[in-house]
Amino acid sequence: MPEISQDAKQRHWAKTRSLTILVLALWFIFSFIVPWFAKDLNSMTFIGFPLGYYFIVQGSLIVFVLLIFFQNWRQDAIDDEAGVGSESDQQ
Amino acid sequence: MIKGSFIENLGRVYAMYTGGFLAFVILMAILELFGVGANTIGILFVAFTVVIYAVIGWLSRTMQVEAYYVAGREVPAVYNGMATAADWMSGASFVALAGGIYFGGYGYLGFVVGWTGGYVLVNSLMAPYLRKFGCYTVPDFIGTRYGGNLARFCAIVVLVAASFTYVTAQINASGTIAARALHIPFEVGVWVGLLGILLCSMLGGMRAVTWTQVAQYIVLIIAYVVPVVWMSNVQGFGVIPHFSYGDAVQRIQELEPVVGLGTAATESFAGLRILTTPHNDPQGGLDSWKFVTLAFCMMAGTASLPHILMRYFTTPSVRAARKSVAFSLFFIFLLYFTAPALATLTKLQLLDPTLPTAIIGQSFEAVSSLPWIQNWSSVGMLALSDSNGDGILQLNEFFMRPDIVVLATPEIAGLPYVISGLVAAGGLAAAMSTADGLLLAIANALSHDLYYKIIDPKADTRHRLIVARVLLIAIGALAAFIASLKLTGILGAVAWAFCFAASGLFFPLVLGVWWKRANTQGAIAGMVCGFVAGSAYLYYVFPGGMGGTPWLGIDHLRFAIIGMPVSLVAMVVVSLMTPAPDAETQAMVDEVRVPSGKTILGAAH
């Protein structure tokens, strides 16, 4: 595996960090903000559910699953771009 | 079975296994039609599944360190996802989650959000970096990143405290199910449960646990989802109830004032409850605060519990570790988004007078002669009492143990007994798989970190693996002994395990990767202060301790809200007051952040 420059390493880490912050911000909204306002959201309905209830039994959960798949898709791209996506040699 | 070809043929092996299990269920259904008794079917379900797990455990036996501790680091992402899901979903979440939602309403749903959202933290902050590190156990990471035996030792203490409170509850659950299915006393059931658990883990360590957990996941998810979908179809709630039970939620909200929800019971039965909490009625304010604090504790705990984190050490690469977190959450999600549907539909069936299954508001005599009511009241898990003597069953006259909601649902909906047997097998799979993961996490930390790294670094492989197995049996026996004492309040122990782990380990793990300046002294301070503060607050607030008044509604289920900030502040302050870590350690942190290349710790370290 070719050695990566210190500079490339830093750029890779900066991008990783930005992606992580974005993911955690979305996580925060669906973990805490949305359930906090469940009472107000309940005045609306979504496919027959009171909206606040929908989010805490299903909506937020679906967001979490999709969020991790999204993060991995972006992170793989960041790794490949920096040339550190190789999976060999990790036994 | 050749190892290489086993990994290549995983899909075929587990497809055959799933087919075989379904064929077994159908065979049981046929036996039921021919008049074989419910008890025999229950025994066959439990015996058949446990024998299969034991066979997998025996086939996976090993004397190699790498295979014993991290399953040879060759578990593909999707299978590791299934194994993690089984590791994660305990007997309590299988049996008690739906009952909790049934009785607890909005307040309880904090667990549902917390136990799923935690995986976002695992994926973002922990799993890929710990995998790159190449450690065998969580204290292995702490000990190498921060250096010194004291840091390693503190991590071992927190790990044992968190995992041991959890494993007792799991052995308790497997004992309860074994006792009920095999018709043996609970005290014996606990030891039978332990025997099954050890059969899966002792010979092959992590490798055996991995392949049995995959098998256990398949059983438990079939056992959870099939009854709900079947019940929904029989009762006319839709083909796939998950997307159509919104109307049921609204209907329950209409019925609640009609059936007199909130009227206190005039009698009481030990361990049984009447329904008093509205299904969906968040109040905002303190209610919202209690929801988010509970969810936060469970999330941080998820990201710090060693038996979950160590599952990600078994994948072939960093990328596969991340991918397997995604699949873990997907497989967990399948159960977690089914549980609220189950709780809602079961409640509606009991409350709605227009449905044939309704019992509330019906004639007391008719209800008390229903077979499922008689079955469960005969074992003391359900009780009816016509307190006001009007001959009609009121909501405050119907008493039930919360954790029978899942087990009783098939009977309420009039499904055949084979479904109840299936549910028992699923509950046992859930309890056994979690207990296995936890026992292994404890025994591995003690054998690898305490014995090999601290006490006798010159021990040879054979010796290390024998010590690991002896510890596994000793810890399992101790946990089974404590479970057999039937100490009360053991179910609160599940939430406690999360809070212990979050208080002591969350920040030392996260900052070990994300803050280069974090040093040994800081990490020790963070672990000790967080863990001590959390435990002290637990002692202050728990009714069995000092029984103090919770501050701001922070009760014994969410004591990590006290422990975690203390841990963070102590770690940051002490780190900044003491010298920065040396250049070698800082270079190691840089290396952990690069996903490719060799692991920090070499193979068989």
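This briefing covers helices, the nonpolar core, aromatic pairs and selected residues of the structure above. The model is predicted. Its largest nonpolar core counts 240 residues, and 42 aromatic pairs occur over all chains.

**Nonpolar core**

- Seven residues touch the most other members of the 240-residue core: B:Phe94, B:Tyr119, B:Ile171, B:Trp211, B:Tyr336, B:Phe398 and B:Phe506.
- Helix α6 (residues 91–133) of chain B gives this core its largest share, 25 residues.
- B:Tyr119 has a contact in the other chain, A:Ile68.
- Within chain B, B:Tyr119 touches B:Thr84, B:Trp88, B:Thr302, B:Ile308, B:Tyr312, B:Val325, B:Ser328, B:Leu329 and B:Ile332, leaving aside residues up to four places away in sequence.
- In soluble globular proteins, nonpolar side chains tend to be buried together.

**Aromatic pairs and clusters**

- A pair of aromatic rings is described by the distance of the centres and the angle of the planes.
- B:Phe133 and B:Phe141 have ring centres 4.8 Å apart and planes at 75 degrees, so they pair edge-to-face.
- Both B:Phe133 and B:Phe141 are buried.
- B:Phe500 and B:Phe559 also form an edge-to-face pair, with 5.2 Å between centres and 70 degrees between planes.
- B:Phe500 belongs to helix α21 (residues 492–514) of chain B, while B:Phe559 is in the loop between α22 (520–541) and α23 (560–577), so this pair ties together parts 59 residues apart in sequence.
- B:Phe500 is buried at 9% relative accessible area, and B:Phe559 is buried at 0%.
- A cluster linked by ring pairs takes in B:Trp88, B:Tyr108, B:Phe111, B:Trp115, B:Tyr119, B:Tyr166 and B:Phe498.

**Charges over rings**

- B:Arg61 places its charged end over the ring of B:Trp58, 4.1 Å from the ring centre.
- B:Lys347 lies over the face of B:Tyr102, 5.2 Å from the ring centre.

- Helix α2 (residues 10–33) has 24 residues, which at 1.5 Å a residue should span 34 Å; its end C-alpha atoms are 35 Å apart, so the two values agree.
- Its buried residues include B:Leu10, B:Tyr14, B:Tyr17, B:Phe21, B:Phe24, B:Val25 and B:Met28.
- Just after α2(B), B:Gly35 takes a positive phi of about 90 degrees.
- Helix α3 (residues 38–59) has 22 residues and reaches 32 Å between its first and last C-alpha atoms, close to the 32 Å expected at 1.5 Å a residue.
- Buried positions in α3(B) include B:Ile41, B:Gly42, B:Phe45, B:Val46, B:Thr49, B:Tyr53, B:Ala54, B:Ile56 and B:Gly57.
- The cover over the buried residues of α3(B) includes α2, α8 (149–182), α9 (186–201), α10 (205–235) and α19 (417–455) of chain B.

**A buried aspartate**

- B:Asp140 lies in helix α7 (residues 138–146) of chain B.
- B:Asp140 has a relative accessible area of 0%, so it is buried.
- Its side chain makes a polar contact with the side chain of B:Arg152 at 3.0 Å.
- Besides B:Arg152, B:Asp140 touches B:Cys135, B:His448, B:Asp449, B:Lys453, B:Leu601 and B:His605, not counting residues up to four places away in sequence.

**A buried glycine**

- B:Gly476 sits in helix α20 (residues 461–484) of chain B.
- With a relative accessible area of 0%, B:Gly476 is buried.
- B:Gly476 touches B:Ile171, B:Leu194 and B:Leu439, residues up to four places away in sequence being left out.
- The C-alpha atoms of B:Gly476 and B:Leu195 are 9.1 Å apart, though 281 residues separate them along the chain.

- Most residues other than glycine have a negative phi.
- A:Ile47 has a positive phi of about 35 degrees.
- A:Ile47 is in the loop between β1 (45–46) and β2 (49–50) of chain A, and is partly exposed at 46% relative accessibility.
- B:Ala71 has a positive phi near 50 degrees.
- B:Ala71 is in the loop between α4 (65–70) and α5 (77–88) of chain B, and is buried with a relative accessible area of 2%.

How values were computed. Residues numbered from 1 in each chain as written. Chains lettered and ligands numbered in written order. Predicted model: local features only at pLDDT ≥ 70, side-chain atom pairs only at ≥ 80, totals over all residues. Heavy atoms only, no water. Helix = DSSP H or I, 4+ residues; strand = E, 2+ residues; numbered from the N terminus. Buried < 20%, exposed > 50% of the residue type's maximum accessible area, 1.4 Å probe, protein only. Polar contact = N/O pair within 3.5 Å; in protein donor to acceptor, adjacent residues only side chain to side chain. Contact = heavy atoms within 4.5 Å. Phe/Tyr/Trp six-rings, centres within 6.5 Å; stacked < 30°, edge-to-face > 60°. Lys NZ or Arg CZ within 6 Å of the ring centre and 35° of its normal. Expected span 1.5 Å × (residues − 1). Core = buried A, V, L, I, M, F, W, Y, C linked by side-chain atoms within 4.5 Å.
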